[in-house]
Each structure stands twice: as structure tokens, then as C-alpha cells.
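Trainee: Could you walk me through reading a structure, one feature at a time? I would like the general idea and then the case in hand.

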Amino acid sequence: MTHTIDPVFLTEEIRTIEQAAFAMPNPPDLMEKAGRAAAEAVRDKFAVNKTLRVLVLAGPGNNGGDAFVAARYLKQWGHAVTVVFCADPERLPQDAQKARQAWLNNQGEIQPDIPDGTGSQNWDLVIDGLFGIGLNPGRPLTGQYLDWINTVNTLRRPVLALDIPSGLGSDDGGVYGAAVDASVTVTFIGLKPGILTQYGPQYCGECIVCDLDLDPVSMLSPHAWVINRKLAEILLPAPRSANSHKGSFGSIGILGGNNGMVGATLLAGRAACYLGAGRVYLGILATSAPDVDLLHPELMLRAPSELFELSTINCLVVGPGMSMSETTYDWVEKTLESDLPLVLDADALNHIAFHSELARKLKHREAPAVITPHPAEAARLLDTDVSTVQRNRMDAASCLSRNLNCSVLLKGSGSICTLADGTCFFNTSGNPGLSSAGTGDVLAGIIGALIAQGQKPNDALLLAVYLHGAAADALLKQNNGPVGMTASEIITAARLLLNEWVYQKNETHIA
């Protein structure tokens, strides 16, 4: 599977690939290739039958060298290019020095600062070549470079960033002082975590990957990948046989819904039903639990203890609307002692965070488990704070997976899935419309429904995460924005998409 999907590389891994390329018998000129690729992206995206006025910001490292190369090509193609560079040229890396000199040799000029009086009317486009992946995350930007970034962000003009917007952490997606708000990011060799998670989706705009004619996967084995439509296509279930029945598609039990929070369990159950589980049983903990869901009477509401007596159940989802008490502790413990695949969410995770004996039970289970923390729940599980989790989401997810011997979904902007073997996946679907009550309960129900239908838990996790976000993206377009998107809408949109993907891919099965 991993040879056909898109890899993600840490900064250190990109450097290793670059060194391997430089060690080839006829090493490629990666800076020349990168700068030309960026110039071509400008031409393709912004310069259709138009001469552009381009402001190019060149930094003190190889990203600045890429910017000089891009500026040279744009000037040769007839565009009006202003290059701003303030570093000591003698301290540039060797390839960047050559790129700067080639710019000067082509009658290019260099300004030491953005010209006074610069306003949006002066430029059609800005190219950010300040730092790229060369930024040191331990040092927030200050001084002139910080001023330049703030100026660019006030111009209200399109910005094309080289490799990653300057000020954005390549490995973590954090913002260090300030970050360039790019319209398009042309990233080289492969994707980086910082493009995909935390603030990356906000600052990178459209992302274009230019591999510079390298095959990076053959040069370094990745341990991180992207969850996108390409991967989702691989993970889709087969079309349903005409000779099938409800027992063909598994049974799921969902435990939660304490007083005042029954809706969380109903949402998870409805999601499981709409996404194809053959039978859905809800063990509702509330003292005045309803006997039936009148909106969806096909859901079977039972006493919580009955979930553990049903031999047909293939997967348990535990935690939506559960609350914290001695009674719910006992239910979580009983769940962890079962031999069923588990999806653990919400207060089931808080119990595990606060009771080390439950964490040990989870770690030593033989049956698979998926946990779905948001950053605050992850912080509790790791005995740290939310800011520490968010500073390095990839490390946090990996640490949880190692500590608890399970698959982890760390939710948030650019949700991260880390499997028990250490493989990491970054989700590319979703939008701020998911920042509303109940969407996590829906996601837990979707994961559980796919597991119940026979998908491997890890495959179910990856497909569900992408499908959940893609449903929100479809609603974003339909509703002209994210405001007011509800969890219930996500359920119906996800069902529509899953059917569309499965049966468009297998049109010969439709008759």
C-alpha cells in the first residue's frame, strides 16, 4: 500500500535525501530545479497572458538561493521583478551564492529592504524565499525578517511560498513569531508535517509538490504518509453482494450517554447505522434512558450490561457522553477486559488518563484498540499540557501509540493517525465546520461501523478520518461556509460520499 501513496518527510529526512542526491555520480542541481519549478508555478497560477510585478524576498540560506533562481527565470520571461535581500552574501551557502551571482549577471538588482511606500498597488505577487525549512523553531523571528513578514501579510496580494511559508515550523506546523500567509506553497522533494497539521493548513494555501526529478521513497524509507483521496480509494470496502443480509455487515455496540449527554451516544449510533453497520446496539448509561430513538427506531437501545452478553457484536465504541464516576470506571475496565476491537473516545480516555491500572490494561490487550483524543485529552494521557502536545503533534501521537500499544487519532487541524507500529498518517480533509458539538461522536461511530463490517481497524481508522473530513468539505461547499455545520449533517453527507466512492469506482456492480 505505502508504495502508491504520498510520503511525508521531516526536515532531517529531507536533508538526508538531498545529501544522497548530491552523492550521485552526476548530481542534479536541486536549487536550479527548485527555482525553476517555483517560477513555472507562478507562470501557471498567476501569469496567464499577463506581465506580473513580482516582489521576491530572499533569505540568508538555500531558500534564498531558490528565490534568486525563481527571480532570474521570471525576469527572463518578461516579468518585472524586485528582489529584496539583506544578508551578508559571503555567508550564503555555496549554491545560494552562485544563484545570487547568476541573478546579478542577468542585470538583476537587489534592494536591501522592501521599498518605502510599498502598498498593494505596487505588486501583483510576492514570492517568499526567506527561510523555508531552514527556520530554527527554537528561535522566533525578530527584527527585519519579522517586519518583512508582517508587511507582506498586510499587502493583500497573492503570496507564493518556497518549500514552506517562512515562520512556519516544517516539522510541527507551529508559528514562530509570525508566518507568511501564503496563497500557494511550492514544496520541494516531498510534503512536510508542518504543511499538514496545526497551523499549516491555515498558512500554506494550495500546496504543490515538486519532486525535483527525484524518487525520494527509493532514497529513504518514509515513516509518515498522507491520508488523501488516493489512499481512501485503496481502503474502500467492496460493493455489497446481492446475496447479503444484515448479519453480513456486523454488529456494533456503543456504550455511553450518561445523564444530560444521551445525544452523544445517539449521534455515534446514527453514524454507525448510516455508514453501514448491520446492527447497532446502544448501551445508554443515563438513569432515565429512552427505550427507543423515535427518529431512528432501527437503533436497538439496551441496558449497558447487555452489550457484553451479545455474541454477535464485532466492535465496541466506548466513551461518547459517558461522564466520570465510579460506575463508569467499572464499565471502562470491563470494556478493556473484553476481547473485542475497541474504539475509545471522550471520557473513556479520561478514565485511562487518571487511572494507571486502566492504562496498563489497555497496553497489554491482545485485541486491537483505537483511541481518538483531542489535544486536551491527549495532554491528560501524556500527563502534560495542551501547548506541549500542540507544539509537536506528531511526537505526541507517536508517544501515545507507544505508551498504550494502540492506534491513535490525535484530532485537530491536520488530524494525525499513528499506528502501533509507529507509522504516521496526516489527514488532508476537513475544515473549521467540524469545530462543533458532536462531530467527534460521529467520527467514533463511523470508525466503529467500518470495523464492524470487517475492515481491519487501522484501515477503518484511516478511511473514517478522511471520509469524516470530506463530508465536512462537501457541506462547506453546499452551505457556502463552515458556520452552523452540525454533527447530524456530517452523518448524511458521509453516507452519500461513501456510496458515491464505492459505486462510482465499481460501476459494473450497479445494475
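Mentor: Gladly. Let's begin with a salt bridge: the side chains of Asp124 and Arg53 meet in one, with 3.0 Å from N to O. Keep in mind that we are reading a predicted model.

Trainee: Which parts of the chain does the pair of Asp124 and Arg53 tie together?

Mentor: Asp124 sits in the loop between E3 and E4, while Arg53 belongs to strand E1, so the contact ties together parts that are 71 residues apart in sequence.

Trainee: And is Asp124 buried or exposed?

Mentor: Buried, because its relative accessible area is 16% and the cut-off for buried is under 20%. Arg53, at 35% relative accessibility, counts as partly exposed.

Trainee: How many salt bridges does the structure hold?

Mentor: There are 14. Another one joins Lys33 to Asp213, with the closest N and O atoms 2.7 Å apart. That pair links distant parts of the chain, 180 residues apart: Lys33 is in helix H2, and Asp213 is in the loop between E7 and helix H8 (216–219). Lys33 is partly exposed, with a relative accessible area of 29%, whereas Asp213 counts as exposed at 63%.

Trainee: What does a salt bridge within one helix look like?

Mentor: Take Arg15 and Glu18, whose closest N and O atoms are 3.5 Å apart. Both lie in helix H1 (residues 11–22), and being three residues apart there, they are separated by about one helical turn. Arg15 is partly exposed, with a relative accessible area of 33%.

Trainee: Let's turn to a buried residue. Where is Leu52 found?

Mentor: Leu52 is in the loop between H2 and E1, and it counts as buried at 2% relative accessibility. Leaving out residues up to four places away in sequence, Leu52 touches Val42, Phe46, Ala47, His79, Ala80, Asp124 and Leu125.

Trainee: How do I read a helix with one buried side?

Mentor: Start by checking its length. The 12 residues of helix H4 (residues 94–105) should span 16 Å at 1.5 Å a residue, and the end C-alpha atoms are 16 Å apart, which agrees. Next, look for the buried residues of H4: Ala96, Ala99, Arg100, Ala102 and Trp103. They cover an arc of only 160° around the axis, which puts them on the same side of H4. The face turned away from that side carries the exposed residues Gln94, Lys98 and Asn105.

Trainee: What do the buried residues of H4 pack against?

Mentor: They pack against helix H2 (30–46), helix H3 (62–76), strand E2 (80–84) and strand E3 (110–111). H4 is followed by Gln107, which has a positive phi near 60°.

Trainee: And how should I read the two faces of a strand?

Mentor: In a regular strand, side chains alternate between the two faces of the sheet. In strand E17 (residues 424–427) both faces are covered: Cys424 and Phe426 on one side, Phe425 and Asn427 on the other, are all buried.

Trainee: Which strands are joined to E17 by bridges?

Mentor: Strand E8 (residues 224–227) runs parallel to E17 and is joined to it by four bridges, with Ala224 opposite Cys424. Strand E16 (residues 416–418) runs antiparallel to E17, with three bridges, and there Cys417 stands opposite Phe425. E16 and E17 form a hairpin with five residues between them, and Gly422 in the turn has a positive phi of about 95°.

Note on methods. Residues are numbered from 1 along each chain as its sequence is written. This is a predicted model: local features need pLDDT of at least 70, side-chain atom pairs count only at pLDDT 80 or more; totals for chains, interfaces and linings use all residues. Side-chain values use heavy atoms; hydrogens and water are left out. Helices (H or I, at least four residues) and strands (E, at least two) are DSSP runs, numbered from the N terminus. The expected span of a helix is 1.5 Å times one less than its number of residues. Buried means under 20% relative accessible area, exposed over 50%, partly exposed in between (1.4 Å probe, protein chains only). The arc is that of the directions from the helix axis to the C-beta atoms. Contact means heavy atoms within 4.5 Å. A salt bridge is a side-chain nitrogen of Lys or Arg within 4 Å of a carboxyl oxygen of Asp or Glu. Two strands pair if DSSP finds at least two bridges between them.
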